[in-house]
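Biologist: I'd like to learn how to read helices, their packing and the confidence scores in a model. Could you walk me through one?

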Amino acid sequence: MTTLQTIVSIFLASLLTDNYVLSRSLGICPFLGVSKKLDSSLGMGAAVIFVMGCAAAVTWPIYQLLQRLGLEYLKTVAFILIIALFVQLVEIAMKKLLPPLYRALGVYLPLITTNCAVLGVTINNIDDGYGFGLAVWNAVCVGMGFTLALVIFSGVRSRIEAADVPEMFKGVPATLVAAAIVSMSFSAFSGMI
Amino acid sequence: MSGKGYLHEFTKGLLKENPTLVGLLGMCPTLAVTSQAVNALGMGLATMFVLVGSNLVISLLRKVIPATVKLPCYIVIIAGFVTIVDFLLHGFAPELHESLGTFLSLITVNCIILGRAEMFACKNRVLPSILDGLGMGAGFTLSLLAIGSVREILGCSTWMAGTPIAVHLPAGMPQLSIFTSTAGGFMTLGLLIALAGVLTRKKPPAEVGCGACPMAKRCTGCTPEEREARKEGTV
């Protein structure tokens, strides 16, 4: 495969066929917790795209360093610490330097440390053997796929709120069944690549 | 603490405060690894090991760790235990290690573990913390096993395939392959939460709650309305 083909196939896979939320079930907590409104879905999505891209860019050289020292088994410990540290730094910097952006995205930042999709994408980048550029591109695409899932689902949820759901399914059960149907519709994309 | 008090620390996680079906925590592994009952059981036991270990160490260190850096400290302790489990499974159960894949490393960010560290282990003595970890871990394992069993029986017509106690349903049973996909996971979990609500005669939770989330103290609310409500003190 040429580089261009790889770039396009990463884009399509992370958005449609192999969406982290809807087919790999990563990042479910924010998917269910923040998708109630369209604007909060977009805010969370933007924050996740940003953090995922930066986390991939930071963890990739760290893994090369660990590999040189023969300490690959420390990658889980090292990656989660770096992500936690990085999110904290971004929060402080954004608060001081870009207050308007902080007001829009800042509230979602603490939630991202425990978003398993972020740690997941950095580890998958290593497992798939991507180089630096592809790793960052993959992380940004996965973030876009996450945002797409959140935005679509926030639309579905606004319809559920108006619907007359049986008493025993009100609340989370109805949300989960709706998520199942959205996920089913995304599985129709499989085989596209 | 009396014997009954110790027993309560263990039993509360099984049903009343079940982390998965009542607390709605740790959703990602709950959906991702439960397409086969045996993987669900393995994931549950691995998480239980990490939970008991981290509760033990955090409880021992609860007077040493300064409050300002406690979250990074907890994460390092938890990630250390995850690395141990990773090595153990790689050595003794390579097939399970292969099928759990990335989700083994992701035990680190399972919010059940950080949640118990933040809400229980950092305030309690060692023995109750271990019992709490055992109970919450067992509750998590049981819910995962229940979801895994439903999905495997409906999706593959087998139960615990690949183990000595494997059960094969008679040929001719329909295999609903949708239940082995992520969509089936969402659906099974939704139906089980509804069933748990009927059995306990409680309304199912309205939202994925922030109450048990380890970030709840720092987080200022998920939506602008909730943030306002919190500021006004109505939540």
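**Reading the helices**

Modeller: Start with length: at 1.5 Å a residue, the 31 residues of helix α8 (residues 126-156) of chain B should span 45 Å, and its end C-alpha atoms are 43 Å apart, which agrees. The expected span is 1.5 Å times one less than the number of residues. Helices here are DSSP runs (H or I, at least four residues; strands are E, at least two), numbered from the N terminus. Just after α8(B), Ser157(B) takes a positive phi of about 60°.

Biologist: What should I know about the model and its numbering?

Modeller: This is a predicted model, where local features need pLDDT of at least 70, side-chain atom pairs count only at pLDDT 80 or more, and totals for chains, interfaces and linings use all residues. Residues are numbered from 1 along each chain as its sequence is written, while chains are lettered from A and ligands numbered from 1 in the order in which they are written.

Biologist: How do I read helix packing?

Modeller: Two packed helices are described by the angle between their axes and the distance between the axes. Axes are lines fitted to C-alpha atoms, for helices over the stretch in contact, and angles run from 0 to 180 degrees between N-to-C directions. Take α3(B) and α8(B): they pack at about 165°, with axes 8 Å apart. They are therefore roughly antiparallel to each other (under 35 degrees is roughly parallel, over 145 roughly antiparallel, 65 to 115 roughly perpendicular, the rest oblique).

Biologist: Which residue classes make up the contact of α3(B) with α8(B)?

Modeller: By class, there are 19 nonpolar, 11 polar and two charged residues. Ala, Val, Leu, Ile, Met, Phe, Trp, Tyr, Cys and Pro count as nonpolar, Asp, Glu, Lys and Arg as charged, and the others, Gly among them, as polar.

Biologist: At what angle do α8 and α9 of chain A pack?

Modeller: Helix α8 (residues 132-162) of chain A and helix α9 (residues 172-187) of chain A pack at about 135°, axes 10 Å apart. That makes α8(A) oblique to α9(A). The contact (C-beta atoms, placed from the backbone, within 7 Å) includes Ile152(A) and Phe153(A) of α8(A), and Ala174(A) and Thr175(A) of α9(A).

Biologist: Where is confidence lowest and highest in chain B?

Modeller: pLDDT is the predictor's confidence in each residue, from 0 to 100. Chain B has a mean of 84, and 86% of its residues reach 70 or more. Confidence is lowest in helix α10 (residues 224-231) of chain B, at a mean of 50, and highest in helix α3 (residues 37-60) of chain B, at 95.

Key
Two residues are in contact if their C-beta atoms, placed from the backbone, lie within 7 Å.
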